[in-house]
Amino acid sequence: MRIIIKDNADEAANFVANQIALYLIARPTLVMGLATGETMRPVYARLRQIFRSGEAPSMEFISFNLDEFISVPKSHPGSFHAYMESELFRHIHEPRVRCFIPDGMANDLPAEAGAFEAKIKHHGGLDIQLLGIGGNGHIGFNEPGTPFESRTSVVELSQHTRDAIIGFEANRPHRAITMGIGTIMEARHCLLLATGEAKATAVKTMLSQPASPTCPASALQSHADLMIVLDRKASSRLTDLQLLDIDPF
Ligand code: GLP
């Protein structure tokens, strides 16, 4: 595990986008797991810049988003489809044939979840998974209590998570389809970005407590290739001992 701490959220996000660019340069056909949320917006802003300038290739990668709300149309501004469209997909070539997001409007949701999982396998598995973290330690929409071996499935959102959802005036979604923790753990590389004071406790729990489903992100402690990128605020509750592991990069 490598922990990188940057002075502020923009620097941390730029670092993450630059890492993704390096992976893409090494392997233009990269299979990427993508994440949404406010934390990721500056990552996509920097990635768009990288793609515009041709510093990294954007024509051949394949992507799978972590999650989507159930019963929220793709055109709804709060959907993750709409988020990805405006943050990344409308800026790249042919996203419809190679950028996949679970369909929360599917008639048969368990079948959709199974098909999504199968599609990841069909493309050879995830080379890299980008992750944020919820204030309660969730990754994707895997809430506290989710078994570490969970696969892509339909889940109920906790009140904590629902309170943090933005883009909905009313009727915030109650359920989502999310990649499971087991699915995420099979990604060859994981890249987790957390910024801001509101994530400091979750970051500390993820790193300093024994791995347990009470903090879903703690599953990552045993991931073979994990990079955690933080800003000062998100790292503010880590102790000196944990800071010893930090890569000086
Ligand atoms: C949602 C997403 C997660 C994301 C989390 C944090 O729950 N499903 O993938 O990590 O929000 O979002 P934010 O970056 O807005 O705090």
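Of the 249 residues of the chain, 55% count as buried, where buried means under 20% relative accessible area, exposed means over 50% and partly exposed lies in between (1.4 Å probe, protein chains only). This is a predicted model: local features need pLDDT of at least 70, side-chain atom pairs count only at pLDDT 80 or more, and totals for chains, interfaces and linings use all residues. Residues are numbered from 1 along each chain as its sequence is written, and side-chain values use heavy atoms, with hydrogens and water left out.

**Overall form**

The chain holds 9 helices and 10 strands. Both are DSSP runs, numbered from the N terminus: helices are H or I with at least four residues, strands are E with at least two. The radius of gyration is 17 Å, close to the 18 Å from the globule rule for 249 residues, so the chain is as compact as a globular protein of that length. That radius is taken over C-alpha atoms, and the rule is 2.2 Å times the number of residues to the power 0.38. The C-alpha trace spans about 50 × 40 × 35 Å along its principal axes.

Two strands pair if DSSP finds at least two bridges between them. Strand 2 (residues 31-34) and strand 3 (residues 62-65) pair in the parallel sense over 4 bridges. Val 31 has Ile 62 in strand 3 as its bridge partner.

**Two positive phi angles**

Most residues other than glycine have a negative phi. Ser 71 has a positive phi and is not a glycine. Glu 94 also has a positive phi and is a residue other than glycine.

| Residue | Phi | Loop | Relative accessible area |
|---|---|---|---|
| Ser 71 | about 65 degrees | between strand 4 (67-69) and helix 3 (80-87) | 55% |
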